[in-house]
Amino acid sequence: MDAQGIVHNVCGMYCDNREDREDLFQEILINLWKSYPSFRGDSKFSTWMYRVSLNVAMQRLRKTDKQKEDATLPANFEEIAHPQKETLPEKELQLMHAAINRLSDVEKAIVMLYLEEKSNEEIAGIMGISQNYVRVKMTRIREKLKKMVEA
Amino acid sequence: MELEQLKTVWKKTTDYNVEGYFVSKQEVERLIGKRSNTTISRIKRKIRNKCFMAGSIGVLLLTFGTYVLIAKEPVFDLLKPLIPSQSNLAMGTFYLVFGLVVGFISVFNAFSYRKILNIEERKSDLKTSIKNILTIVRRAIRVKIYSDTFVVPVTVLVFGIIDAILGVGIFPNTTTLIFFILGAVAFAIFTYFLTKYGQNKRYAKQIRALEECLKELKEEN
């Protein structure tokens with residue numbers, strides 16, 4: 001997955017409207033840019049990117065309704081956010097977001113890394129938890145999602 | 001939706017995004033040129049601004065104080081309407097000491113800023129990063145509360161000391177001095193609670209959310 005894809009996926013995971021996604025995308029870019037000199041190559045570049053991106057996603061200030069009204073979008077945002085391409089089935093996307101939105105921020109991060117087919121070792125390294133705990137969390141997330149379907 | 005179903009939709013979304021969502025080099029350059037609005041960036045900006053403001057005022061006061069001290073003739077004095085006919089030595093010393101107090105606030109903020117940078121530079125996993133962010137936010141709150149609370153009492157104290165040593169005439173009698181001290185203490189108590197309330201309103205939600213994340217990541221122990 002290329003760099004922009006990683007950033008975009010993190011934004012998609014943590015924001016459910018395009019304004020927030022655009023803001024978070026920009027924040028992550030700024031922070032990646034500022035943090036890049038400290039990247040020493042002791043982990044994979046994608047791992048480092050996930051760390052920085054997730055870090056920004058978790059510490060971002062949730063905007064108030066007033067701030068959302070005041071937020072200005074770049075002129076070409078429509079182009080960025082809605083490229084002229086075949087759209088995904090709306091129902092599938094809605095289901096995915098409904099499922100994701102019921103998860104906590106930490107669970108979202110773990111699920112995203114799992115969906116990106118990262119190994120338990122990599123997930124543990126990014127999150128700062130043990131591999132065993134990654135497995136425990138995954139089991140809990142599975143149960144949570146199952147309960148959602150049953151409900 | 002089960003995890004495997006989620007994976008299928010996720011893959012489709014990802015492919016769609018990667019192909020359809022491409023931000024050009026120019027756009028990336030434009031975006032990274034903007035100001036960051038993360039909690040830490042905001043805190044850093046505030047401390048940096050305070051440091052710069054207090055530093056500039058401190059340097060101005062020190063320069064003016066030195067000028068008043070070395071001047072042979074009586075010079076224009078900002079406090080003249082309040083405390084007339086004071087010697088250059090008294091007023092110069094007053095400005096110098098006041099400049100040092102303001103300078104101390106600037107150094108205090110600069111020190112905190114440096115500490116925040118040190119914490120921030122420790123690039124690590126998410127759990128450690130959240131711990132670091134919490135440390136930074138709590139430190140920033142403390143810095144803000146203490147520097148706002150103590151600036152008035154310290155100023156009054158400095159006035160009192162200078163007055164006692166040089167007889168500037170700010171406090172003509174003990175009653176006035178006591179009145180000022182009580183006023184300063186009352187103001188400090190009011191400022192303490194007001195700043196605490198303001199900081200709490202600004203960061204409490206954020207701190208709670210981060211503590212919640214940390215708690216979730218610590219669950220294994």
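Here are a few questions and answers about the predicted model shown above. Residues are numbered from 1 along each chain as its sequence is written, with chains lettered from A and ligands numbered from 1 in the order in which they are written. Because the model is predicted, local features need pLDDT of at least 70 and side-chain atom pairs count only at pLDDT 80 or more, while totals for chains, interfaces and linings use all residues.

Reader: How many helices are there in chain A?

Author: Helices are DSSP runs of H or I with at least four residues, strands are E runs of at least two, and both are numbered from the N terminus. Chain A has 0 strands, and its pattern along the sequence reads α-α-α-α-α-α-α-α-α. The number of helices is 9.

Reader: Which residues of α8(A) meet α7(A)?

Author: Contact here means C-beta atoms, placed from the backbone, within 7 Å. From α7(A) come A109(A), I110(A), L113(A) and Y114(A), and from α8(A) come I123(A), I126(A) and M127(A).

Reader: Is Q26(B) buried or exposed?

Author: A residue is buried if 20 or more other C-beta atoms (placed from the backbone) lie within 10 Å of its own, exposed if 12 or fewer, and partly exposed in between. Q26(B) sits in helix α2 of chain B, residues 25-32. Since Q26(B) has 8 C-beta neighbours inside 10 Å, it counts as exposed.

Reader: What separates the C-alpha atoms of Q26(B) and L60(B)?

Author: Along the chain, Q26(B) and L60(B) are 34 residues apart.

Technical notes. Two residues are in contact if their C-beta atoms, placed from the backbone, lie within 7 Å.
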